[in-house]
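Please find below a colleague's note, written for someone who is meeting this structure for the first time.

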Amino acid sequence: MVVIKVRSHKKINIVVIDSGIKDCQDVDYISGCGIVRKNQNEYETTDYYEDHIGHGTAVVDELLKTCNSFESIYCIKIYEDSMETDVGALLFALNYIYQNIHCDIILISSGITFIADYEEMKSVIDKLTNSGIYIISAFDNEGAVSFPAAFDSVIGV
């Protein structure tokens, strides 16, 4: 789990790409969406982002415990029943952020060890980081090189 300590007077906007969040109705600065597969190569957003795994909820809970400088936390649910990464859903989420969401930090709690869409992933990561967004991404738990954490412009943890 990543702990972010922000020493700034500026309120930050963070996007958490994970398994969603549960029980956040009483926090007005937390919102989100889900990414669902329409067919083999198409995805769309949905208003449903409730966490059934618990990982995304734990990440956001830790963020809330360690930092009170959030203007907004936006959760993008890309996992339904397991923490297996669907590269298409992750790419869709990253492009969705670039086109629709103002944020300072993107926190991705996963990574991909084999990526057929390397150039597409690099392109969207570069667009996001060149626009001033910091991206923090987890490396593979088994020690393998994983993306997007392995990109030079990403803070890999």
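This is a predicted model: local features need pLDDT of at least 70, side-chain atom pairs count only at pLDDT 80 or more; totals for chains, interfaces and linings use all residues.

The points below go from the whole chain to the sheet, and then to single residues.

1. Overall dimensions. Taken along the principal axes, the C-alpha atoms fill a box of roughly 40 × 30 × 30 Å.

2. Burial, surface and contacts. Of the 157 residues, 46% count as buried, while the chain exposes about 8,500 Å², of which carbon and sulfur atoms supply 45%. Among the contacts that join residues at least 6 apart in sequence, 75% are between residues at least 24 apart.

3. The seven strands form an open sheet with mixed pairing, and their order across it is β3-β2-β4-β1-β5-β6-β7. Strands β3 and β7 stand at the edges with a single partner strand each, so one side of each is left without a neighbour in the sheet.

4. How many of the seven residues of strand β1 are buried? Seven of the seven are, and strand β1, which spans residues 12-18, is therefore largely enclosed by the rest of the structure. Both of its faces are covered, with Ile12, Ile14, Val16 and Asp18 buried on one side and Asn13, Val15 and Ile17 buried on the other. Strand β1 pairs in the parallel sense with β4 over seven bridges, and in that pairing Ile14 stands opposite Ile73. The pairing of β1 with β5 is also parallel and runs over four bridges, with Val15 opposite Ile106.

5. Strand β2 between two partners. Strand β2, residues 30-39, runs parallel to strand β4, residues 70-77, and five bridges join the two; Gly32 has Cys75 in β4 as its bridge partner. With strand β3, residues 42-46, the pairing of β2 is antiparallel and again extends over five bridges. Strands β2 and β3 form a hairpin with two residues between them, and Asn39 stands opposite Glu42 in β3.

6. Gly34 in strand β2. Gly34 belongs to strand β2, and it counts as buried because its relative accessibility is 2%, where the cut-off for buried is under 20%. Leaving aside residues up to four places away in sequence, Gly34 touches Glu44, Thr45, Thr46, Tyr48, Tyr49 and Lys77. The C-alpha atoms of Gly34 and Ile105, which are 71 residues apart along the chain, are separated by 18 Å.

7. Asp104, a buried acidic residue in a loop. Asp104 lies in the loop between α2 (87-100) and β5 (105-108), and it counts as buried because its relative accessibility is 12%. Its contacts, not counting residues up to four places away in sequence, are with Lys10, Lys11, Ile12, Asn13, Gly132, Ile133 and Tyr134. Of these contacts of Asp104, Ile12 and Asn13 are among the residues that are listed as buried in β1.

8. Phe114, an exposed residue in a loop. Is Phe114 buried or exposed? At 67% relative accessibility, Phe114 counts as exposed, and its place is in the loop between β5 and α3 (118-130). The C-alpha atoms of Phe114 and Ser19, 95 residues apart along the chain, are separated by 21 Å.

9. Strand β6, residues 134-137, and β7 run parallel and are joined by two bridges, with Gly156 in β7 as the bridge partner of Ser137. In the loop between β6 and β7 lies Pro148, and the peptide bond from Phe147 to Pro148 is cis, with omega near 15 degrees. This bond deserves a look in the 3D view.

Definitions and conventions. Residues are numbered from 1 along each chain as its sequence is written. Side-chain values use heavy atoms; hydrogens and water are left out. Buried means under 20% relative accessible area, exposed over 50%, partly exposed in between (1.4 Å probe, protein chains only). Contact means heavy atoms within 4.5 Å. Accessible areas come from the Shrake-Rupley method with a 1.4 Å probe; for residues, only the protein chains shown count as cover. Two strands pair if DSSP finds at least two bridges between them.
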